[in-house]
Amino acid sequence: MNFTIQNVLILDGPGYQTVDVQIAVSDEGASSIVAIAPNLAPMGTLIDGRHKLLLPGFVNAHTHSSEMWQRGIIPPYPLELWIAELYEFTPLKPHQIYLSALGTAVETLLSGGTTVVDHLVIIPGLEKESVKAAIQGYREAGIRAFVGPLIQDEALGASLPTGGTSVDLAPHYHGTPELLQLMEELVRDYHRPEEGIHIMTAPTGPQLCSDTLFEGCVDLSDRYQLCRHTHLLETRAQNMLAHEKYGCSAVKHLHDLGFLGDRTSLAHCVWLEDEDIPYLATTRSTVVHNPLSNLRLGSGIAPVLKYRQAGINVTFGCDGSASNDSQDLLEAIKIGTILHNPTDLDYRHWITPREAIAMASLGGATGLALQNQIGSLEVGKQADFVLYDLTSLSLLPRTDPAGLLILGRPTQAVDSVWVNGRQVVADGQPTQVNVKTLRQDLFDHSEWTTNRTSSLASEFEIRYRAVMDL
């Protein structure tokens, strides 16, 4: 159905402009912005855009949807101990994977996102069922989803540096050929870009993956034109481990393996060294900044201002709900915008609200090789955008809408959301998800959890304290 949003506010250079935006939708469901200008002749269904701000949809460029079941549970721990807690208490049923994907989609949509990148934790023995369940949730919500099963071929204990001591590690329960075969089958069964569902190759990270697995993922992504995604140097321990394993930085090693590139997004990038930065810039790789989880886990502050000055594409992610512990994309963008001001005395390098909007929208699209389709309000691009209600109390008084959206604390500010021309939020509510039912299902499938103990975390703590000299 064609439609026109009338008298809506959009960003225009350093200021704003009131325009009409016309969208054509084909019989096959593809959308295209056909005109942006004041006082256009009405076309199709008319939507009142008065007192509203129209922005391109943001990308939640790194999360783990199934961690929703652990949010609020894990105590303040560094990543290496936190993840041991997580591994011991993971969802065991595909229906939980479905519910958490649905919940992640709804929270992302209601905080300005139209696309989610799910580095999906898969249930051992139910890998295909896990992916199928997550995709079902994303389809029902109507959000665009990039699903990257979180695969590794090394045991969790391999993620800690040894400090020069001998450590016996059991083999991982998944072999490398088995994982690569699984990925090829998932691509065949579920990779449907035209329907808004993408499979991506997403090895966990250098700390838990062999070179053979990374090389296999590169081969798959090249053959099927898939995006690539991984964790990179989230913690100091990972940086120590990389030098121990490779004799060089993890960034140089991934570059030598051919993993970096313009379809590659890298989560965290906290502990890169200055000499690593040109590798990301020249390969046009994308850094996904996850400020809230980096703070919660004490991982550090990624040198995002340095990356931007070097010309590296940077965007934002919420990270999983057990390390954030929410999927409020606007909150992640706000913290990721102002966190760096104390790190550089030259305020001209600080991120402005409009720059943050571009990072979250076009930056996120670029990291997924979709910059020619979504990420900005331009004629010819898809109708992927969000309408914000400027009469919402959190966006008042009438000062600078972009500044309030990014630097304020917007609540219930999203009025409507379209994903490829399909309206999936109207009047602040998802159109395809019964939120009341979802809330009840999440409540019924969980229970209050306190005084939880993890033998795995206790084991890891001894090694962690030794190698980190604590």
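Visitor: What makes the span of helix α15 close to the expected one?

Guide: Bear in mind that this is a predicted model. Helix α15 covers residues 455–467, which is 13 residues, and from its first C-alpha to its last it reaches 19 Å. At 1.5 Å a residue you'd expect 18 Å, and the helix comes close to that.

Visitor: Which residues of α15 are called buried, and what does that take?

Guide: They're Ala 457, Phe 460, Tyr 464 and Val 467. To be called buried, a residue must have under 20% relative accessible area. These buried residues pack against α1 (79–88) and α6 (236–246). Just after the helix, Asp 469 takes a positive phi of about 55°.

Visitor: Why is Met 240 called partly exposed?

Guide: Met 240 lies in helix α6. Its relative accessible area is 28%. Buried needs under 20% and exposed needs over 50%, so a value in between counts as partly exposed.

Visitor: What is Met 240 in contact with, neighbours within four places in sequence aside?

Guide: Pro 161, Val 467 and Met 468. Contact here means heavy atoms within 4.5 Å. There's also Gly 163: it is 77 residues apart from Met 240 in sequence, yet C-alpha to C-alpha they are 8.9 Å apart in space.

Visitor: And how do you know that Trp 448 counts as exposed?

Guide: Trp 448 has 78% relative accessibility, and the cut-off for exposed is over 50%. So Trp 448 counts as exposed. You'll find Trp 448 in the loop between α14 (435–444) and α15. Its C-alpha is separated by 9.3 Å from that of Ile 73, although the two are 375 residues apart along the chain.

Visitor: What makes strand β15 largely enclosed?

Guide: Count its buried residues: 6 of the 6 in β15 (residues 414–419) are buried, so the strand is largely enclosed by the rest of the structure.

Visitor: How do you know that β15 pairs with β14 and with β16?

Guide: A pair needs at least two bridges. Between strand β14 (residues 385–389) and β15 there are 4 bridges, and the two run antiparallel. Leu 387 stands opposite Ser 416 in β15. Another 3 bridges join β15 to strand β16 (residues 422–426), again antiparallel. There, Trp 418 has Gln 423 in β16 as its bridge partner. The hairpin of β15 and β16 has 2 residues between the strands, and in it Asn 420 takes a positive phi near 50°.

Visitor: Why do β6 and β9 stand at the edges?

Guide: They belong to an open sheet of 4 strands in the order β6-β7-β8-β9, with parallel pairing. β6 (58–63) and β9 (197–199) each have a single partner strand, so one side of each is left without a neighbour in the sheet. From one strand to the next, the twist averages 15°.

Visitor: How many bridges join β6 to β7?

Guide: There are 4, with β7 spanning residues 113–120. As one example, Thr 63 has Asp 118 in β7 as its bridge partner. Helix α11 (residues 329–338) lies across β6 and β7, and runs at about 85° to β6.

Visitor: Last one: what lines the largest cavity?

Guide: The lining includes Pro 206, Leu 233 and Tyr 246. Helix α6 gives the largest share, 5 residues. About 50 Å³ of space lies inside that cavity.

Definitions and conventions. Residues numbered from 1 in each chain as written. Predicted model: local features only at pLDDT ≥ 70, side-chain atom pairs only at ≥ 80, totals over all residues. Heavy atoms only, no water. Axes fitted to C-alpha atoms, helices over the stretch in contact; angles between N-to-C directions. Expected span 1.5 Å × (residues − 1). Buried < 20%, exposed > 50% of the residue type's maximum accessible area, 1.4 Å probe, protein only. 1 Å grid on protein atoms, 1.4 Å probe; cavity = no way out; pocket = protein on both sides within 12 Å on 5 of 7 lines; lining within 4 Å. Points joined across faces, edges and corners; volume = space filled by probe spheres on them.
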